[in-house]
Amino acid sequence: MAHPRILVELKDVITFPVTQIMKSSFATGVIPDDWKVALVSPIHKNGPKCQVSNYRPISLTSIICKLFESIVRDALVQHLENNGLIRGTQHGFRRGGSCLSNLLQFLDRVTSDIDNGACVDVIYLDFAKAFDKVPHKRLMAKLEKHGIGGKVCAWISQWLNGRSQWVSVRGHSSPAVCLRARYLVPFSS
(Lines give C-alpha, C1' and ligand atoms only; values in the text may rest on other atoms or scores of the structure.)
Protein backbone atom coordinates (compact mmCIF):
# COMPACT_ATOMS: atom_id res chain seq x y z
CA MET A 1 0.00 0.00 0.00
CA ALA A 2 1.39 3.37 -0.99
CA HIS A 3 1.43 6.09 1.61
CA PRO A 4 -1.03 8.89 0.74
CA ARG A 5 1.72 11.53 0.96
CA ILE A 6 3.67 9.77 -1.81
CA LEU A 7 0.59 9.72 -4.01
CA VAL A 8 -0.01 13.44 -3.43
CA GLU A 9 3.59 14.35 -4.16
CA LEU A 10 3.63 12.25 -7.34
CA LYS A 11 0.13 13.18 -8.54
CA ASP A 12 1.37 14.84 -11.75
CA VAL A 13 3.32 11.71 -12.68
CA ILE A 14 0.83 9.03 -11.65
CA THR A 15 -2.52 10.58 -12.62
CA PHE A 16 -2.53 9.17 -16.15
CA PRO A 17 -1.41 5.61 -15.26
CA VAL A 18 -3.78 5.42 -12.27
CA THR A 19 -6.65 6.66 -14.45
CA GLN A 20 -5.81 3.96 -17.02
CA ILE A 21 -5.78 1.28 -14.29
CA MET A 22 -9.16 2.46 -13.04
CA LYS A 23 -10.64 2.55 -16.53
CA SER A 24 -9.29 -0.94 -17.24
CA SER A 25 -10.66 -2.27 -13.94
CA PHE A 26 -14.07 -0.81 -14.68
CA ALA A 27 -14.13 -1.99 -18.31
CA THR A 28 -13.09 -5.56 -17.51
CA GLY A 29 -14.66 -5.92 -14.06
CA VAL A 30 -11.29 -7.16 -12.80
CA ILE A 31 -10.16 -5.73 -9.49
CA PRO A 32 -6.45 -5.92 -8.60
CA ASP A 33 -5.93 -8.35 -5.72
CA ASP A 34 -4.21 -5.78 -3.52
CA TRP A 35 -7.37 -3.63 -3.67
CA LYS A 36 -9.22 -6.45 -1.90
CA VAL A 37 -6.82 -6.86 1.02
CA ALA A 38 -7.36 -5.03 4.30
CA LEU A 39 -5.14 -4.60 7.33
CA VAL A 40 -7.40 -4.44 10.37
CA SER A 41 -6.02 -2.41 13.22
CA PRO A 42 -7.89 -2.21 16.55
CA ILE A 43 -8.19 1.36 17.83
CA HIS A 44 -9.02 1.92 21.51
CA LYS A 45 -12.29 3.84 21.97
CA ASN A 46 -12.66 4.13 25.74
CA GLY A 47 -12.85 2.08 28.91
CA PRO A 48 -10.45 -0.61 30.10
CA LYS A 49 -7.93 -1.58 27.43
CA CYS A 50 -8.18 -5.24 28.46
CA GLN A 51 -11.74 -5.57 27.05
CA VAL A 52 -12.03 -6.34 23.35
CA SER A 53 -15.39 -4.52 23.14
CA ASN A 54 -13.60 -1.24 23.89
CA TYR A 55 -11.80 -1.33 20.55
CA ARG A 56 -13.04 -0.32 17.11
CA PRO A 57 -11.58 -2.16 14.13
CA ILE A 58 -10.19 0.16 11.47
CA SER A 59 -9.77 -1.39 8.05
CA LEU A 60 -6.80 0.00 6.13
CA THR A 61 -7.03 -0.64 2.40
CA SER A 62 -5.46 0.59 -0.82
CA ILE A 63 -5.64 4.38 -1.17
CA ILE A 64 -6.09 4.08 -4.92
CA CYS A 65 -8.99 1.66 -4.44
CA LYS A 66 -10.54 4.03 -1.88
CA LEU A 67 -10.30 6.80 -4.46
CA PHE A 68 -12.05 4.63 -7.06
CA GLU A 69 -14.68 3.57 -4.49
CA SER A 70 -15.45 7.24 -3.77
CA ILE A 71 -15.81 7.97 -7.49
CA VAL A 72 -18.22 5.05 -7.91
CA ARG A 73 -20.12 5.99 -4.72
CA ASP A 74 -20.49 9.63 -5.78
CA ALA A 75 -21.78 8.58 -9.21
CA LEU A 76 -24.28 6.15 -7.63
CA VAL A 77 -25.59 8.74 -5.16
CA GLN A 78 -25.86 11.32 -7.96
CA HIS A 79 -27.86 8.84 -10.08
CA LEU A 80 -30.18 8.08 -7.14
CA GLU A 81 -30.70 11.77 -6.34
CA ASN A 82 -31.19 12.82 -9.98
CA ASN A 83 -33.86 10.16 -10.45
CA GLY A 84 -35.67 10.76 -7.16
CA LEU A 85 -34.75 7.28 -5.92
CA ILE A 86 -33.46 8.35 -2.53
CA ARG A 87 -35.66 9.81 0.20
CA GLY A 88 -34.98 13.08 1.96
CA THR A 89 -34.90 11.16 5.23
CA GLN A 90 -31.84 9.23 4.04
CA HIS A 91 -28.85 11.08 5.45
CA GLY A 92 -26.02 8.54 5.33
CA PHE A 93 -23.45 8.78 2.53
CA ARG A 94 -24.96 12.01 1.21
CA ARG A 95 -23.32 15.40 1.03
CA GLY A 96 -24.36 17.42 4.07
CA GLY A 97 -25.96 14.38 5.68
CA SER A 98 -24.91 12.56 8.82
CA CYS A 99 -26.29 10.74 11.83
CA LEU A 100 -26.48 14.12 13.53
CA SER A 101 -28.44 15.80 10.72
CA ASN A 102 -30.83 12.82 10.70
CA LEU A 103 -31.30 13.07 14.45
CA LEU A 104 -31.88 16.84 14.30
CA GLN A 105 -34.48 16.45 11.54
CA PHE A 106 -36.22 13.73 13.56
CA LEU A 107 -36.13 15.83 16.74
CA ASP A 108 -37.59 18.81 14.87
CA ARG A 109 -40.45 16.64 13.59
CA VAL A 110 -41.21 15.17 17.04
CA THR A 111 -41.04 18.61 18.71
CA SER A 112 -43.37 20.07 16.08
CA ASP A 113 -45.86 17.20 16.50
CA ILE A 114 -45.86 17.58 20.30
CA ASP A 115 -46.29 21.37 20.00
CA ASN A 116 -49.34 20.73 17.81
CA GLY A 117 -50.87 18.40 20.40
CA ALA A 118 -50.16 15.15 18.58
CA CYS A 119 -49.21 11.97 20.40
CA VAL A 120 -45.78 10.68 19.52
CA ASP A 121 -44.49 7.14 20.02
CA VAL A 122 -40.89 6.35 19.27
CA ILE A 123 -39.34 2.94 18.76
CA TYR A 124 -35.55 2.94 18.75
CA LEU A 125 -33.72 0.13 16.99
CA ASP A 126 -29.96 -0.22 17.07
CA PHE A 127 -28.75 -2.31 14.17
CA ALA A 128 -25.31 -3.29 15.43
CA LYS A 129 -22.84 -3.62 12.60
CA ALA A 130 -25.65 -3.17 10.07
CA PHE A 131 -23.26 -2.23 7.27
CA ASP A 132 -21.26 -5.42 7.84
CA LYS A 133 -24.32 -7.58 7.30
CA VAL A 134 -25.82 -6.34 4.05
CA PRO A 135 -26.82 -9.37 1.96
CA HIS A 136 -24.87 -8.92 -1.27
CA LYS A 137 -27.50 -10.63 -3.43
CA ARG A 138 -30.16 -8.21 -2.15
CA LEU A 139 -27.84 -5.23 -2.65
CA MET A 140 -27.20 -6.21 -6.26
CA ALA A 141 -30.95 -6.72 -6.88
CA LYS A 142 -31.70 -3.25 -5.47
CA LEU A 143 -29.03 -1.66 -7.66
CA GLU A 144 -30.61 -3.25 -10.74
CA LYS A 145 -34.08 -2.17 -9.61
CA HIS A 146 -32.83 1.42 -9.46
CA GLY A 147 -31.46 1.32 -13.00
CA ILE A 148 -27.85 0.54 -12.14
CA GLY A 149 -26.62 -2.47 -14.03
CA GLY A 150 -24.07 -3.62 -16.56
CA LYS A 151 -20.44 -2.84 -15.87
CA VAL A 152 -21.20 -0.94 -12.67
CA CYS A 153 -22.92 -3.95 -11.06
CA ALA A 154 -20.29 -6.31 -12.41
CA TRP A 155 -17.54 -4.17 -10.88
CA ILE A 156 -19.33 -3.88 -7.51
CA SER A 157 -19.95 -7.63 -7.48
CA GLN A 158 -16.27 -8.33 -8.10
CA TRP A 159 -15.26 -5.74 -5.50
CA LEU A 160 -17.37 -7.57 -2.88
CA ASN A 161 -16.10 -11.02 -3.84
CA GLY A 162 -12.81 -12.59 -2.73
CA ARG A 163 -11.79 -10.06 -0.11
CA SER A 164 -9.24 -10.90 2.58
CA GLN A 165 -7.98 -9.34 5.76
CA TRP A 166 -5.35 -9.73 8.44
CA VAL A 167 -4.96 -8.17 11.86
CA SER A 168 -1.91 -6.46 13.26
CA VAL A 169 -1.51 -5.65 16.97
CA ARG A 170 1.73 -4.32 18.48
CA GLY A 171 3.87 -5.67 15.67
CA HIS A 172 2.27 -9.12 15.65
CA SER A 173 0.21 -10.11 12.63
CA SER A 174 -2.36 -12.80 12.02
CA PRO A 175 -2.36 -14.82 8.82
CA ALA A 176 -4.55 -13.40 6.06
CA VAL A 177 -8.09 -14.77 6.10
CA CYS A 178 -10.27 -14.93 3.02
CA LEU A 179 -13.69 -13.44 3.73
CA ARG A 180 -16.55 -15.58 2.55
CA ALA A 181 -19.06 -13.75 0.42
CA ARG A 182 -21.83 -16.13 1.45
CA TYR A 183 -24.48 -13.69 0.33
CA LEU A 184 -22.98 -13.01 -3.09
CA VAL A 185 -24.31 -14.49 -6.27
CA PRO A 186 -22.12 -14.15 -9.38
CA PHE A 187 -23.33 -11.22 -11.43
CA SER A 188 -23.12 -10.99 -15.19
CA SER A 189 -22.69 -7.74 -17.07
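Which side chain does Asp113 meet in a salt bridge? The partner is Arg109, at 3.4 Å from N to O. This is a predicted model, in which local features need pLDDT of at least 70, side-chain atom pairs count only at pLDDT 80 or more, and totals for chains, interfaces and linings use all residues. Residues are numbered from 1 along each chain as its sequence is written, and side-chain values use heavy atoms, with hydrogens and water left out.

**Salt bridges**

- A salt bridge here is a side-chain nitrogen of Lys or Arg within 4 Å of a carboxyl oxygen of Asp or Glu.
- By this rule the count is two.
- Asp113 and Arg109 both sit in helix H4, four residues apart, or about one turn of the helix.
- Helices are DSSP runs (H or I, at least four residues), numbered from the N terminus.
- Asp113 is partly exposed, with a relative accessible area of 23%, while Arg109 counts as exposed at 56%.
- Those words have cut-offs: buried is under 20% relative accessible area, exposed is over 50%, and partly exposed lies in between (1.4 Å probe, protein chains only).
- Asp74 and Arg73 also meet through their side chains in a salt bridge, at 2.9 Å from N to O.
- Asp74 is partly exposed at 38%, and Arg73 is partly exposed at 40%.

**Nonpolar surface patch**

- Leu100, Leu103, Leu104, Phe106, Leu107 and Val122 form a nonpolar patch on the surface.
- Together they have about 590 Å² of accessible area, computed by the Shrake-Rupley method with a 1.4 Å probe, where for residues only the protein chains shown count as cover.
- Patch residues have over 30% relative accessible area and no salt bridge; nonpolar side chains (Val, Leu, Ile, Met, Phe, Trp, Tyr) are joined within 5 Å, and like charges within 9 Å.
- Leu100 belongs to helix H4, residues 99–115.
- Leu100 is exposed, because its relative accessible area is 54%.

**Helix packing**

- Helix H3 (residues 63–82) packs with helix H6 (residues 150–160) at an angle of about 140°, and their axes are 12 Å apart.
- So H3 is oblique to H6.
- Axes are lines fitted to C-alpha atoms, for helices over the stretch in contact, and angles run from 0 to 180 degrees between N-to-C directions.
- Under 35 degrees counts as roughly parallel, over 145 as roughly antiparallel, 65 to 115 as roughly perpendicular, and the rest as oblique.
- Glu69 lies in helix H3 and is partly exposed at 25% relative accessibility.
- Glu69 and Ile156 are 87 residues apart in sequence, yet 9.3 Å apart in space, C-alpha to C-alpha.

Definitions and conventions. Helix = DSSP H or I, 4+ residues; strand = E, 2+ residues; numbered from the N terminus.
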